[in-house]
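This briefing covers one protein chain.

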Amino acid sequence: VDPAEAREVLSKAEGVKVVDDPASLKYPMPLNATGQYDVEVGRIRQSLIFGDKGLEFFVSGDQLLRGAALNAVIIAEQAVAARLAA
């Protein structure tokens with residue numbers, strides 16, 4: 001798994017905001033994620049333990065907004081949409 005490839009895939013994922021700019025000291029921070037539905041992902045790098053077979057990264061999100069309840073609603077909406085499309 002390549003960090004650059006993971007960064008690209010994550011940047012296109014719904015509900016994910018990539019915040020990964022070490023030069024500007026921009027990383028996922030709980031304070032910055034507060035009040036946002038999207039979760040922040042950053043500090044994406046190759047795993048020190050698993051090498052080419054793993055990644056390490058930080059994830060930060062507002063658990064009151066983007067917790068299990070909202071995830072359950074999103075999954076239910078997707079299931080209903082898939083059923084209606086079939």
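Arg43 is placed over the face of Tyr27, 4.7 Å from the centre of the ring. The model is predicted. Aromatic pairs are absent: a search of the whole structure finds zero.

**Sheet**
- Three strands form an open sheet in the order S1-S2-S3, and their pairing is mixed.
- Strand S1 (16-18) and strand S3 (51-60) are the edge strands, each pairing on one side only.
- Neighbouring strands of the sheet are turned against each other by 40° on average, with direction ignored.
- Helix H1 (residues 3-12) packs on this sheet and touches S1, S2 and S3.
- The direction of H1 makes about 165° with that of S2.

**Strands S2 and S3**
- Strand S2 (residues 39-47) and S3 run antiparallel and are joined by six bridges.
- Gln46 stands opposite Leu55, a residue of S3.
- Gly42 has Phe58 in S3 as its bridge partner.
- In a regular strand, side chains alternate between the two faces of the sheet.

**Nonpolar core**
- The largest nonpolar core has five residues in all: Ala6, Val16, Val39, Val41 and Ile44.
- S2 supplies three residues, the largest share of this core.
- Which residues does Val41 touch, not counting those up to four places away in sequence? The contacts of Val41 are Leu10, Val16, Lys17, Val18, Val19, Pro28, Phe57, Phe58 and Val59.
- Among these contacts of Val41, Val16 is also a member of the largest nonpolar core.

**Ala13**
- Ala13 is located in the loop between H1 and S1.
- Is Ala13 buried, partly exposed or exposed? Ala13 counts as partly exposed because its relative accessible area is 29%, and that class lies between the limits of 20% for buried and 50% for exposed.
- From Ala13 to Ile75 the separation is 62 residues in sequence, and the C-alpha to C-alpha distance is 15 Å.

Methods. Residues are numbered from 1 along each chain as its sequence is written. This is a predicted model: local features need pLDDT of at least 70, side-chain atom pairs count only at pLDDT 80 or more; totals for chains, interfaces and linings use all residues. Side-chain values use heavy atoms; hydrogens and water are left out. Two strands pair if DSSP finds at least two bridges between them. Helices (H or I, at least four residues) and strands (E, at least two) are DSSP runs, numbered from the N terminus. Axes are lines fitted to C-alpha atoms, for helices over the stretch in contact, and angles run from 0 to 180 degrees between N-to-C directions. Contact means heavy atoms within 4.5 Å. A nonpolar core is a set of buried Ala, Val, Leu, Ile, Met, Phe, Trp, Tyr and Cys residues joined through side-chain atoms within 4.5 Å. Buried means under 20% relative accessible area, exposed over 50%, partly exposed in between (1.4 Å probe, protein chains only). Rings of Phe, Tyr and Trp (its six-membered ring) pair if their centres lie within 6.5 Å; planes under 30 degrees apart count as stacked, over 60 as edge-to-face and the rest as tilted. A charge sits over a ring if NZ of Lys or CZ of Arg is within 6 Å of the ring centre and within 35 degrees of the ring normal.
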